[in-house]
Amino acid sequence: MTDTIKDILIELKRIKKATPNYPNHICGKVALIAGKVGRISSLSVIDKYRNIPTKEAMIKSAKKTAAECIRFIESLEKE
């Protein structure tokens, strides 16, 4: 298993513990993912137009996004 996958699974455990009251409705679930994607988007703009390196922050945010997507898929599979 790669370090990236391990990091994502660790993040998945962390978010499940930090936010145990996961939304029951699809819009709330998707909004959580959209918020994470928005963070990556903001970082990319900062990197490109302000010339401030954000590669490490984007990687961290992408791993958080991947974990949120896994949580979303798991919740749909339980329905």
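Buried residues have under 20% relative accessible area, exposed residues over 50%, and partly exposed residues lie in between (1.4 Å probe, protein chains only). The structure is a predicted model, in which local features need pLDDT of at least 70 and side-chain atom pairs count only at pLDDT 80 or more, while totals for chains, interfaces and linings use all residues. Residues are numbered from 1 along each chain as its sequence is written, and side-chain values use heavy atoms, with hydrogens and water left out.

Helices are DSSP runs (H or I, at least four residues), numbered from the N terminus. Helix H3 has 24 residues. From its first C-alpha to its last, H3 reaches 35 Å, close to the 34 Å expected at 1.5 Å a residue. That expected span is 1.5 Å times one less than the number of residues. In H3, Ser61, Lys63, Thr65, Ala67, Glu68, Arg71, Phe72 and Ser75 are buried. The cover over these buried residues includes helix H1 (3–18) and helix H2 (26–49).

Threonine 65 gives one view of this helix. Threonine 65 is found in H3 and counts as buried because its relative accessibility is 9%. Contact means heavy atoms within 4.5 Å. Threonine 65 touches Lys36, Val37 and Ile40, not counting residues up to four places away in sequence.

The structure holds five salt bridges. A salt bridge is a side-chain nitrogen of Lys or Arg within 4 Å of a carboxyl oxygen of Asp or Glu. Lysine 63 lies in helix H3 and aspartate 7 in helix H1, so the pair ties together parts that are 56 residues apart in sequence. Aspartate 7 is partly exposed, at 32% relative accessibility.

Glutamate 74 and lysine 16 also meet through their side chains in a salt bridge (2.6 Å, N to O). This pair links distant parts of the chain, with glutamate 74 in helix H3 and lysine 16 in helix H1, 58 residues apart. Both residues are partly exposed: glutamate 74 has a relative accessible area of 25%, and lysine 16 has 35% relative accessibility.

A further salt bridge joins glutamate 68 to lysine 36, the closest N and O atoms being 4.0 Å apart. Here glutamate 68 in H3 is linked to lysine 36 in H2, 32 residues away in the chain. Glutamate 68 is buried, with a relative accessible area of 3%. Lysine 36 counts as partly exposed, at 25%.

A disulfide is a pair of cysteine sulfur atoms within 2.5 Å. The structure holds zero disulfides. Cysteine 27 is in none, and the nearest cysteine sulfur, that of cysteine 69, is 16 Å away. Cysteine 27 counts as exposed, at 58% relative accessibility. Cysteine 69 is partly exposed, with a relative accessible area of 29%.

The loop between H2 and H3 contains asparagine 51. Most residues other than glycine have a negative phi. Asparagine 51 has a positive phi of about 55° although it is not a glycine. Asparagine 51 is exposed, with a relative accessible area of 64%.

In helix H1, threonine 4 is partly exposed, at 39% relative accessibility. Threonine 4 and tyrosine 22 are 18 residues apart in sequence and 24 Å apart in space, C-alpha to C-alpha.

How values were computed. Helices (H or I, at least four residues) and strands (E, at least two) are DSSP runs, numbered from the N terminus.
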